Amino acid sequence: MKNGMVFLVGAGPGDPRLLTVGAMQCLKRADVVVYDHLADESILSYVPEAAERIYVGKQSCHHTMQQEEINVLLADKAEEGKTVVRLKGGDPFVFGRGGEEALVLLERGVPFEILPGVTSAISVPAYAGIPVTHRGVAVSFAVVTGHEDPTKPESHVRWQHLATGVDTLIFLMGVANLPEITKHLIENGRPADTPAALIRWGTRADQETYVTTVGEAAEMVRRDGMRPPAIFIVGDVVRLRDRLRWFDRREFRPLFGKRILVTRARAQASALTEKLTALGASCVEAPVIRIVPPSDSYAGLDSAIGKLQDYHWVIFTSVNGVDHFFARLHHAGKDARALGYAKIAAIGTATRDRLRTYGIEADLVPQEFRAEAVVDALRPILPPRAHILLPRAQEARDVLPESLSAHGATVDVAAAYETVPETEHGEELAAQMMDGAFDYVTFTSSSTVKNLVRMLGNITPLQHTKIACIGPVTAETVESYALMSAMTARTYTIDGLVDCIRENIE
């Protein structure tokens, strides 16, 4: 037994929600990830920053690394004492060559585990509303490679048995060979008018489903120029799609087919992406800012925490402000009890909800989620000579502290964090936007607007898409760049922004 270990892991067909819990746990502990071309690379977000990532993707007519080289690579990395994850689309043992890799590991004495993945053979038809079996329609199914070399002297597929011996046939990787596949099926007794479907980019938000017949499928692919990846499914179960389709049904998922660029901070999970995806949108996340410690290394915030008993109110303006405040509070060896008799105000329901995770119920949450509304709500209830702590972003607007000071309060502004721009991938993103790749771009703060413009290099790419903003302050920042008027959420929350996009679908 070596010190290292190899996990042969199935990543599923594309929708990251279909990644198994076991696969996620393996990725989180990996020292090395050897991965194929993945339909959704957001799966790699579970991989530790320090882990080595090695792309060995194999696409039609283009192999980054030969299979024999991959086998050796896995064993070599494990023998260095590392935890290696071999990540494959779908399932490792369904045309994934996982068995070949496992045999080499066995020969080298390297321990391994197999973590099956959700195979596209079943999941992709399901997302198209096509069950591979159905009572009274199909009691058997077969999964067949569609990638056989047509120049081989003979096929390894037993067409004479397969064509009529199984109710539902699912061919993987078969677009290029569709003329040969349909020819063999018809020659061996499958009627040409048998229902069939081609499903491209299955389980992704841009999934496309084409219903046809065995006799017409190859001509349809040729005529429409359809390209891989796609699966080909044959059988009477295809007729059920009209009634069972759900993934691309607009009344169920109104944003299906819409591509949305979601700007966010790097390393922060995007609740916005999750909600938009649930409505059918295809989201691409663009980290435009990084959250880093403030330039004073928390000196101001630590000083304020040292005298929390002096404050009448503590006002939190963001989730990040809450998290960094309590991180420093715990760093000082204190907990929520140190807030003493101070009352708490929160701008926004997300900020309020994050406070609850630390055992704090906000005393005040203004109905309008902006700084000016806090002042209006606080003004009647502030004690004389009120002392207020405002832990917030280092670069935040001065409207709130200046307005509170104008009403007689002493305001200590403590930088809890700083947002700095991300600069990677700006040129690539700009090119996509110029090509009309996105229907909408979303902004949840003024800093995301400024930093995306900086990343892109100019405002021109943003003139090729609609813009949705979480609130009027963010919208004002958009308009300051002479961009088209942005649609603005009526309620300044993530849910409000989602509703705004949904209400303005074209």
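Okay, let me start with a definition: a polar contact here is a pair of N or O atoms within 3.5 Å, where within protein one must be able to donate a hydrogen and the other to accept it, and residues adjacent in sequence count only if both atoms are side-chain atoms. By that rule, 2 residue pairs, both at pLDDT 80 or more, are in polar contact across the interface of domain 1 and domain 2.

Some bookkeeping. This is a predicted model, so local features need pLDDT of at least 70 and side-chain atom pairs count only at pLDDT 80 or more, while totals for chains, interfaces and linings use all residues. Numbering runs from 1 along each chain as its sequence is written, and side-chain values use heavy atoms, with hydrogens and water left out.

Now, the domains. An automatic or database domain assignment sets the bounds, and it gives us domain 1 (5-118), domain 2 (122-244), domain 3 (259-288 + 423-503) and domain 4 (311-326 + 335-415).

Back to that interface. The centres of domain 1 and domain 2, over C-alpha atoms, sit 28 Å apart. Domain 1 puts 10 residues in contact (heavy atoms within 4.5 Å) with 12 of domain 2. About 770 Å² is buried between them, with 66% of that from carbon and sulfur atoms; buried area is the accessible area (1.4 Å probe) that two parts lose on being put together, summed over both. On the domain 1 side, Pro13, Ala39 and Phe95 supply 53% of the area buried against domain 2, more than any other three residues. As for salt bridges (a side-chain nitrogen of Lys or Arg within 4 Å of a carboxyl oxygen of Asp or Glu), the count is 0.

Next, helix H17, residues 472-480. Helices are DSSP runs of H or I with at least four residues, strands are E runs of at least two, and both are numbered from the N terminus. Pro472, Val473, Thr474, Ala475, Thr477 and Val478 are buried in H17, meaning under 20% relative accessible area (1.4 Å probe, protein chains only; over 50% is exposed, in between is partly exposed). Their cover includes strands E19, E20 and E21 plus helix H16. After H17 comes alanine 482, with a positive phi near 60 degrees.

Last one: why does leucine 404 count as buried? Because its relative accessibility is 1%. Leucine 404 lies in helix H14, and beyond its neighbours within four places in sequence, its contacts include Ile315, Val375 and Leu378.
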